[in-house]
Amino acid sequence: MSTGMSTGFPRIACALMSVAPIALSAQTLPVPLPVAGSAQASASRTAGAPAARTAEIWRDTLRTAADRADALVKAMTSAEKLRYVHGIFPPMAKPATADMIPSAGYVPGVPRLGIPTLRESDASLGVANQVEQRKGDVATALPASLATAASFDPAIAYAGGAMIGSEARAKTFNVLLAGGVNLTRDAWNGRNFEYLGEDPLLTGVMGAASIRGVQSNHIVSTIKHFVLNSQETGRAVLDARIDPTALRESDLLAFEIAIADGKPASVMCAYNRIDGDYACENKRLLTDVLRGDWKYPGFVMSDWGAVHSTEKAANAGLDQESGQELDAKVYFGTPLADAVAAGRVSTARLDDMVRRILTGVIASGLYDHPTPLSAQPIDYAANAEVAQRAAEAGIVLLRNEKGLLPLARTARSIVVIGGHADVGVLSGGGSSQVRSVGGVPIEIPLKSGAAASFARITYHSSSPLRAIRALAPNATVTFVDGTDPAAAAKAARAADLAIVFATHWQTEAQDAPSLSLPDNQDAVIDAVAAANRRTIVVLETGGPVLMPWATRVPAIVEAWYPGQRGGEAIARVLFGEVDASGRLPISFPRTIEQLPRPRPVTSPTGATSNDASANAGAGDAGLLPAYPVTYQEGANVGYRWYATRKDSPLFPFGFGLSYASTRISNPRFSGGANASVTFAVTNRTARTGVAVPQLYATLPDGGAPRLVGWSRQTLAAGETRTVTITADPRALARWEAAGWRLKGGAYALTLATDAQTMVAAGRVNLTDRRLASARAAFDTP
């Protein structure tokens, strides 16, 4: 689930109905497990405990997480070990236990040793409750991860992760299926809104910050989906093909950075195959790269329904089977016990599986700080502010001819058109779906498709119309639904300003059928723009869309899926209450022909027409034929792809306008051990503004420029500040057989405002050196 599958509720509309919904309250929450050190836990250890209390070194917080986990493994029985390596999918559990919360996953603990029961929730954008299996349980909904990435601000990512983690802990969850860092290779990918863009450095840094935020609450965060889960069409049957070196310098680099800097307690392996082997039984990735090169000490959990074997998966490096009811059988149940007894999986390997799970549990702080036994109060008002700040920081101003924005409060009449802006803002679909505070004004079930059992077109109750009226109390603000271009044009003609809200819904398990706006919205925008020269288009999308009308509309705002305070955030940006400060983390193409793949790659045998090819709840995808998806662009993802083709997108990576006019001056480039640039940045306007200067480098052996650093700066009116951007050596290095090498020689550096707009250029010489692979060692909190 996304979880890997994200988490996956894909599996079951009907199955969800087989479990009585449990309202999240103190009366119905799980029966508490004994807390470490309690009288109950002490009593339970007495009978048949393999270790005496004097030997309980796993409670010694001065020891490393790995040492403590090893001691726990030695104290566990074989049955206890086997029980901890596979997890239940509560909606399909038979029978459900009294302490099981309807959610993504449940793994019973070992009370006598203080080993916690793992209660898992999807949480890409908030504590998920996709089809309201927990009646009445709401949570704070962040904007899309692309919006967080568009902030170019790790502090925003950390705050969002910390907020989600705090709510999860208060709801007694202790494992969050968060941390999506797959690169957005294809503009139409249904889950792009859950990811952090096309650049490995930006994705890795922002992903790490979010993971650290989640785990600051003493709970486990995953990082997902390892690796190349780059399209939803046929995700459970496709075989991703890519040059190994290119993989190291792109998708794997994003994971390497996020794992090294974020230290997630768990890695979630993906549904797809990579070069012939399923991600969850791929020894080269799970053992050679993750454990060998990166020295990752935590555990690998499967995506929900992504396990297809027992011995191969266990021996390749999978530690825990998730959502076992979604697999063809419980591979890590009786089959694993039999395999261990027969020596096909060694006892040492089983011990290592459990040790790694416990290492993550201890390193995250969960073992020493158990989650509460009943629901705790949540300050939803404060958390909504976190969501709103993230949305405001990530909204991108794409076009602003003649300074139409920010809007003047003196406008006498404003017409708001389309997008259900009268009631709310759109959210993305799938396992990341949050039932947000404030309710759901629109929820439309799908009639068909792989996502139909677990995704609904859902809006958060944050009305842009209401927020605009609040900021323009002296104006007449009307609403037209936008279904009829002629009616929309008539209303626009009679108003001083026209604001068109355009939507493009995307979901897990299904890729976008088109990058064009659906439901005749392009025609509406054209009609309105022809009727009123002061037209603003606000896009609520899960990624890039085509804009055939772009040059005819004076102002365009990309708001992504803006979360539960999206209406307020959009209005504040439109009226200049805050600066327009987001920058694109993903390129927007002019046409689909510019893309490496104009549309999702489908199976030549028709396997992708079977819902099981993308939804684990629809059957066993292992019975369907695999087919290749070749990533011929290699490491040249997004803006690098355009650079290699000497092509220009409609809006490039890193692009975004501001209401403030800033100037960069006096750049000084430096080399030696590393590359950097120091410069002055000045806000030349009478308002606070944001600048996001970016540093790109072209390596001595050529190739496309790559982002190697950036700095988000908030400047007061008239302020000048000296800024230094130091290149991250991980983004400068090349992967060779012996590891990472920062090659000596001349590097071309570009200080820019986006991937195609240079401010200054210089050449520096760097010393040849080897870089150690990022080490993901855990320290006990």
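Predicted model: local features only at pLDDT ≥ 70, side-chain atom pairs only at ≥ 80, totals over all residues.
R273 has Y278 of strand β8 as its bridge partner.

Strand β7 covers residues 273–274 and pairs with β8 in the antiparallel sense. Their pairing runs over 2 bridges. Both strands sit in an open sheet of 4 strands. The order is β8-β7-β5-β19, and the pairing is mixed. At the edges lie β8, residues 277–278, and β19, residues 627–630. Each edge strand pairs on one side only. In general, strands of a sheet pair through backbone hydrogen bonds, either parallel or antiparallel.

**The disulfide**

How many disulfides does the model hold? The count comes to 1. The bond joins C269 to C280, with an S to S distance of 2.1 Å. The link is right-handed, with 105 degrees about the S-S bond. C269 lies in strand β6, residues 266–269. C280 lies in the loop between β8 and α10, the latter spanning 283–293. The two cysteines are 11 residues apart, and the pair links distant parts of the chain.

Are these cysteines buried or exposed? C269 counts as buried because its relative accessibility is 0%, under the 20% cut-off. C280 is buried too, with a relative accessible area of 2%.

| Cysteine | Relative accessible area | State |
|---|---|---|
| C269 | 0% | buried |
| C280 | 2% | buried |

**A covered helix**

Helix α17 runs over residues 521–531 and is mostly covered. Of its 11 residues, 8 are buried. They are Q521, D522, V524, I525, A527, V528, A529 and A531. What covers them? The cover includes the helix α16 (485–493). It also includes the strands β11 (413–417), β16 (497–504) and β17 (535–541).

**Two helices in contact**

Helix α15, residues 464–471, packs against helix α18, residues 566–574. Their axes are 8 Å apart, and the angle is about 40 degrees. The two helices are therefore oblique to each other. The crossing of α15 past α18 is right-handed. Which residues make the contact? From α15 come P464, A467, I468 and L471. From α18 come G567, E568, A571, R572 and L574.

Technical notes
Residues numbered from 1 in each chain as written. Heavy atoms only, no water. Pairing = 2+ DSSP bridges. Disulfide = S-S within 2.5 Å. Buried < 20%, exposed > 50% of the residue type's maximum accessible area, 1.4 Å probe, protein only. Contact = heavy atoms within 4.5 Å. Axes fitted to C-alpha atoms, helices over the stretch in contact; angles between N-to-C directions. Parallel < 35°, antiparallel > 145°, perpendicular 65-115°, else oblique. Left-handed = near helix turned anticlockwise from the far one by under 90°.
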